[in-house]
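This briefing concerns aromatic rings and the nonpolar core. Please examine the structure below before reading the points that follow.

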Amino acid sequence: MNWDRISGQWTELKGKARERWGKLTDDDTQQIEGKRERLAGALQRRYGWAKDKINEQIDAFLETLEPETSTR
């Protein structure tokens, strides 16, 4: 999954991010603006996870989006 696709579709995908990570707020998703580094920072703040766990979580999230975003 190409992160540029996620970035371009962030407005549509931020709801899915909030479903997956319930501790993210509307403000978090607005500030993330589709940027992976900002998502990682928000997850670290909200969950206190280590960088490795954050990257695993983000990669797993991307895998769940693959069927939807690959057709666009």
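The largest nonpolar core has 17 residues, and those with the most contacts inside it are I6, W21, L39, L43 and I58. A nonpolar core is a set of buried Ala, Val, Leu, Ile, Met, Phe, Trp, Tyr and Cys residues joined through side-chain atoms within 4.5 Å. The model is predicted: local features need pLDDT of at least 70, side-chain atom pairs count only at pLDDT 80 or more, and totals for chains, interfaces and linings use all residues. Residues are numbered from 1 along each chain as its sequence is written, and side-chain values use heavy atoms, with hydrogens and water left out.

- Helix α5 supplies the largest share, five residues.

**Aromatic pairs**
- The structure holds two aromatic pairs, where ring centres of Phe, Tyr or Trp (its six-membered ring) lie within 6.5 Å; planes under 30 degrees apart count as stacked, over 60 as edge-to-face and the rest as tilted.
- W21 and F61 form a tilted pair, 4.9 Å centre to centre with 55° between the planes.
- Because W21 lies in the loop between α2 (10-20) and α3 (26-32) and F61 in helix α5 (residues 51-69), this pair ties together parts that are 40 residues apart in sequence.
- The rings of Y47 and W49 are stacked, because their centres are 4.4 Å apart and their planes are at 20°.

- W21 is buried at 1% relative accessibility, and F61 is buried at 2%; buried means under 20% relative accessible area, exposed over 50%, and partly exposed in between (1.4 Å probe, protein chains only).
- Y47 is partly exposed at 23%, whereas W49 counts as buried at 18%.

Key: Helices (H or I, at least four residues) and strands (E, at least two) are DSSP runs, numbered from the N terminus.
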